[in-house]
Amino acid sequence: MLKQSQRNQWRGVLHEWADVLDVTDASTVVTLGEGGTPLIESKALSQMTDARVLVKFEGLNPTGSFKDRGMTVAVSRAIDKGAKAIACASTGNTSAAAAAYAAAAGIQAIVLVPEGKIAMGKLAQSVVHGARIVQVRGNFDDCLEISKELAEQYPVHLVNSVNDDRIEGQKTAALEIVDVLGDAPDLHLIPVGNAGNITSYWRGYSLAETSGMATKRPRMLGFQAAGAAPIVRGEVVREPDTVATAIRIGNPASWQQALDARDESGGSITAIGDADILKAQRLLASSTGVFVEPASAISVAGLLERHAAGDIPAGATVTLTVTGHGLKDAQWGLKREDGSDAQPESADADTAQVAQLLGLA
Ligand SMILES: *Cc1c(COP(=O)(O)O)cnc(C)c1O
C-alpha cells in the first residue's frame with residue numbers, strides 16, 4: 001500500500017523566506033515556485049581540486065535561471081504599487097523571467113534586448129509569455145539606459161537589478177546554501193555580469209552571519225569573461241564580446257557593490273577566456289551531469305583556474321553558482337572540443353547492425 005506523503009511542495013522564495021523578505025498577509029505574492037534549487041556535490045570537481053565542491057544548480061528555477069528569485073519579489077511589489085506594466089533591459093534571462101512573472105500577474109512586460117545577441121531559447125520564452133520585445137541596435141548597456149529613461153518618463157515599472165527588490169530576492173540563494181550546509185562555505189564562486197548576483201550573495205551571506213545562521217562568511221571569487229571584464233580591467237568595456245552572452249556587459253550597474261563583496265570577503269574577480277568557458281561547460285555536463293549555459297560554466301572554469309593558481313585550500317568547502325540552464329543556449333552543447341559539430345552516427349533499424357556499430361558484437 002502506498003501511503004499519503006507528508007512532504008510539502010516548496011512554495012517559492014516569498015513564502016519560504018517570508019521573514020527575511022518582510023512578507024505579510026497583506027503582501028501580493030506572484031510566484032512560480034522559484035528557489036529551493038539543489039546543491040549538488042560534484043565528485044569529479046572535488047577530486048580535481050582536492051576540495052569539497054558543491055554546485056548550486058540555479059538552472060532548475062521555473063524559467064531556467066536565478067533571475068526568477070528576484071523577479072518574484074520585483075513583480076509582486078510592483079503590483080502592490082499599482083503597476084500595469086514592467087520594463088527591463090536584458091541579455092536574455094531577465095527578459096524571460098520578467099515575461100513569465102508578468103504573465104502570471106496579468107500585467108504587460110516590455111523587454112529591451114541587444115539585437116542578435118541573445119540566445120534563441122531565451123527569446124522564445126519572452127515571445128511565448130507574451131512580452132513586448134524590442135531588439136535594440138546596441139548593446140546591453142544601451143538597453144539599460146533606455147529602460148531607466150522609460151521608467152522615469154512613462155508609467156512603467158523598472159525591474160532590472162538596479163531595482164533593489166531583485167537583489168533582495170536573489171540573496172535567498174545564499175541563505176539556502178547556509179541552510180543546507182549548516183554553515184557558510186569557505187569559498188563561493190560566481191559569474192559576474194551586471195554584478196547584481198554577487199551583490200545579492202554577499203548580502204545573503206552577511207545576513208546569515210549577523211543573524212547567527214552562520215559562523216562566518218565565505219571568500220567571494222567572481223569571474224568575468226575576458227572579452228567583457230570591466231571590473232577586472234578597471235575600466236568600461238565599450239564593445240563587450242564573449243560566447244557567454246548572459247555576462248556580455250561592459251559597464252555593470254552594481255560595479256561598486258561587486259568590489260565591496262570582493263574586498264570585504266578577501267576574495268578576487270578574475271577574467272576567463274571563452275575557450276576555457278566552453279571546455280568547463282562540457283566538463284561539468286559530462287562529469288557531474290549538470291548542463292549549464294556558457295555564462296554559468298565560468299564558475300567551473302574559474303574553479304580550475306583558481307586551483308591552478310594555488311588559491312583553493314585543500315579540504316575547503318567550495319560552493320559554485322551555476323546560474324542558467326544549458327538548454328537555453330543549446331547550440332554550444334552540439335559542438336565538440338575542437339569546435340566541429342557533433343554528428344550522431346546512423347544505422348538501419350537492425351539490431352545486429354547497431355550492435356556492430358557500437359562495438360558490442
Ligand atoms: C544574469 C546572469 C548572469 C549574471 O548575473 P549578474 O547579476 O548580472 O552579475 C550570469 N549568468 C546567467 C545565466 C544570467 O542569466
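The ligand is surrounded by 16 residues, of which the closest are Lys 67, Asn 93, Asn 194, Asn 197 and Thr 323; a residue is near the ligand if one of its heavy atoms lies within 4 Å of it. The structure is a predicted model, in which local features need pLDDT of at least 70 and side-chain atom pairs count only at pLDDT 80 or more, whereas totals for chains, interfaces and linings use all residues. Residues are numbered from 1 along each chain as its sequence is written, and side-chain values use heavy atoms, with hydrogens and water left out.

By class, the shell around the ligand comprises six nonpolar, eight polar and two charged residues. In this scheme Ala, Val, Leu, Ile, Met, Phe, Trp, Tyr, Cys and Pro count as nonpolar, Asp, Glu, Lys and Arg as charged, and the others, Gly among them, as polar. Polar contacts are pairs of N or O atoms within 3.5 Å; within protein, one atom must be able to donate a hydrogen and the other to accept it, and residues adjacent in sequence count only if both atoms are side-chain atoms. A side-chain N or O atom of Asn 93 lies 2.7 Å from an oxygen atom of the ligand. Backbone atoms also take part: an N or O atom of the Asn 194 backbone is 2.8 Å from a ligand oxygen, and a polar backbone atom of Ala 195 is 2.8 Å from an oxygen atom of the ligand. The protein covers 96% of the 380 Å² of accessible area that the ligand has on its own, as computed by the Shrake-Rupley method with a 1.4 Å probe.

Helices α9 (196–210) and α13 (294–308) are the elements that give two or more residues to the shell around the ligand. Helices (H or I, at least four residues) and strands (E, at least two) are DSSP runs, numbered from the N terminus.

Several loop residues were also examined. Residues are termed buried under 20% relative accessible area, exposed over 50% and partly exposed in between (1.4 Å probe, protein chains only). The loop between α1 (13–16) and β1 (39–41) contains Thr 37, and Asp 22 is found in the loop between α1 and β1 as well. Thr 37 is buried, with a relative accessible area of 7%, whereas Asp 22 is exposed at 63%. The C-alpha atoms of Thr 37 and Arg 11, 26 residues apart in sequence, are 12 Å apart in space. Asp 22 has a positive phi of about 55° although it is not a glycine. Asp 50, likewise not a glycine, has a positive phi of about 60°; Asp 50 lies between α2 (43–49) and β2 (52–57) and is exposed at 52% relative accessible area.

Asn 160, in the loop between β6 (157–158) and α7 (164–170), is buried with a relative accessible area of 2%. The side chain of Asn 160 reaches the backbone oxygen of Ala 89 at 2.8 Å. Glu 345, in the loop between β10 (317–322) and α14 (351–357), is exposed at 61% relative accessibility.

Helix α8 (residues 172–181) is largely enclosed by the rest of the structure, because seven of its ten residues are buried. These are Thr 172, Ala 173, Ala 174, Leu 175, Glu 176, Ile 177 and Val 178. Just after α8, Gly 182 adopts a positive phi of about 85°.
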